Amino acid sequence: LVLILLFLRNSFRFIAKPCAINLGIQDSGPHRAQPNAILEKVFTSITKSPDGKRLEGLSKQLDWDVRKIQRWFRHRRNQDKPTTLTKFCESMWRFTFYLSIFFYGIRFLWTAPWFWDTRQCWYNYPFQPLTSRLYYYYILELAFYWSLMFSQFTDIKRKDFLIMFVHHLATIGLITFSYMNNMVRVGTLVLCLHDASDFLLEAAKLANYAKYQRLCDAFFMLFGVVFIVTRLGIYPFWILNTTLFESWELIGPYPSWWLFNGLLITLQILHIIWSYLIIRTAYKALVRGKVSKDDRSDVESSSEEEDATSNSTKGVFSTSSNGSNRINGHVAGGQWTEE
């Protein structure tokens with residue numbers, strides 16, 4: 001299933017690309033640095049971010065202003081970044097999967113007794129039947145997170161790469177561990193809860209790439225509300241409550257109880273970190289009417305002047321004239337990421 005999902009992900013561009021073109025998204029990257037053999041050799045062989053001493057030496061060697069050399073290196077780093085069209089295709093794939101799996105999970109869980117009474121997760125445990133619908137839901141989610149783990153090394157690089165890597169590890173560990181121990185009932189609740197906000201973030205990113213700023217801001221604010229309600233409200237008071245206290249009461253502290261809840265608490269710590277980033281971005285949007293370049297941005301501004309110009313026109317997510325737009329995605333030049 002992982003291989004199939006990776007194949008579908010790569011093939012999805014044939015659907016996403018025409019959509020992007022119809023929305024006016026061009027397959028063009030950031031401003032390219034002017035050819036310079038000396039700087040190119042330094043960039044490829046020595047460093048992509050020269051320090052002050054090296055900048056002074058290059059300035060004397062080329063008879064260039066230091067600021068001009070800094071700008072050249074910024075442009076050179078940016079030109080290796082993926083285009084907006086590439087990022088649109090990636091987000092559209094994630095949006096499609098997250099939305100589909102969320103509605104599948106809701107439809108399945110709506111008739112499940114443990115969706116309405118979490119104590120049902122532990123009655124007659126571990127001798128609980130594994131239905132085919134539950135199995136397909138579980139195994140597809142596991143395959144998707146494995147595909148995210150593999151594709152993270154080739155996807156758009158974000159500053160929260162390590163956090164996302166830990167998140168994927170914890171998620172895969174939880175899904176695998178809970179499946180092996182037949183804790184699939186509470187596992188489905190965790191999966192569905194996490195899927196509830198992910199597709200809204202991808203929708204905000206898609207609107208950002210298409211330059212529908214108001215729609216992007218609306219989706220992002222909605223994402224922030226749903227994320228905080230589900231991850232800081234429902235998750236600890238509904239999920240952790242049943243895994244920590246109801247399970248202890250009904251079946252006792254079984255040997256794997258400590259590891260299982262340790263992984264769930266690790267996820268909660270990540271939820272708090274991401275909630276802080278979301279609240280900070282939303283605060284800037286509400287107080288200043290704009291947001292400075294997102295901390296997770298994968299493209300740098302080419303100069304302070306360009307930053308000032310682009311920031312004056314930004315919303316929650318925005319695309320500056322120098323291509324500094326980027327949302328991981330668990331956000332394009334003012335974006336989030338991934339979920």
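Modeller: Buried means under 20% relative accessible area, exposed means over 50%, and partly exposed lies in between (1.4 Å probe, protein chains only). Both Lys205 and Glu202 are buried. This is a predicted model, where local features need pLDDT of at least 70, side-chain atom pairs count only at pLDDT 80 or more, and totals for chains, interfaces and linings use all residues. Residues are numbered from 1 along each chain as its sequence is written, and side-chain values use heavy atoms, with hydrogens and water left out.

Colleague: What makes Lys205 and Glu202 a salt bridge?

Modeller: The rule asks for a side-chain nitrogen of Lys or Arg within 4 Å of a carboxyl oxygen of Asp or Glu. In Lys205 and Glu202 the closest N and O atoms are 3.1 Å apart. The pair therefore qualifies. Both residues sit in helix α10, three residues apart, about one turn of the helix.

Colleague: How many salt bridges does the rule give?

Modeller: Four. One of them joins Arg231 and Asp198, at 3.4 Å from N to O. This pair connects distant parts of the chain: Arg231 is in helix α11 and Asp198 in helix α10 (residues 184-209), 33 residues apart.

Colleague: Why is Arg231 called buried, and what about Asp198?

Modeller: Arg231 has a relative accessible area of 0%, so it is buried. Asp198 has 2%, so it is buried too.

Colleague: How do you know that Glu249 and Arg119 pair?

Modeller: Their side chains meet at 3.2 Å, N to O, in a salt bridge. Glu249 lies in helix α11 (residues 213-251), and Arg119 lies in the loop between α7 (113-116) and α8; the two are 130 residues apart. Side chains of opposite charge can pair when their charged atoms come close.

Colleague: What makes the nonpolar surface patch?

Modeller: Tyr104, Leu130, Tyr135, Tyr136, Tyr179 and Met180 form it, over about 610 Å². Patch members need over 30% relative accessible area and no salt bridge; like charges are joined within 9 Å, and nonpolar side chains (Val, Leu, Ile, Met, Phe, Trp, Tyr) within 5 Å. Tyr135 is in helix α8. Helices α8 (132-151) and α9 (161-180) each supply at least two residues of the patch.

Colleague: How many helices and strands are there?

Modeller: The chain has 13 helices and zero strands. Both are DSSP runs, numbered from the N terminus: helices are H or I, at least four residues, and strands are E, at least two.

Colleague: Where does UniProt place the transmembrane regions?

Modeller: The unreviewed entry puts them at residues 95-115, 135-154, 161-180, 219-238 and 258-279. Such annotations may be inferred rather than shown by experiment. In the model, residues 95-115 are 86% helix and 0% strand, with end C-alpha atoms 24 Å apart. Residues 135-154 are 85% helix and 0% strand, and their end C-alpha atoms are 29 Å apart.

Colleague: What share of the chain is buried?

Modeller: 53% of the 339 residues. The accessible surface comes to about 16,100 Å², and 64% of it belongs to carbon and sulfur atoms. Those areas come from the Shrake-Rupley method with a 1.4 Å probe.
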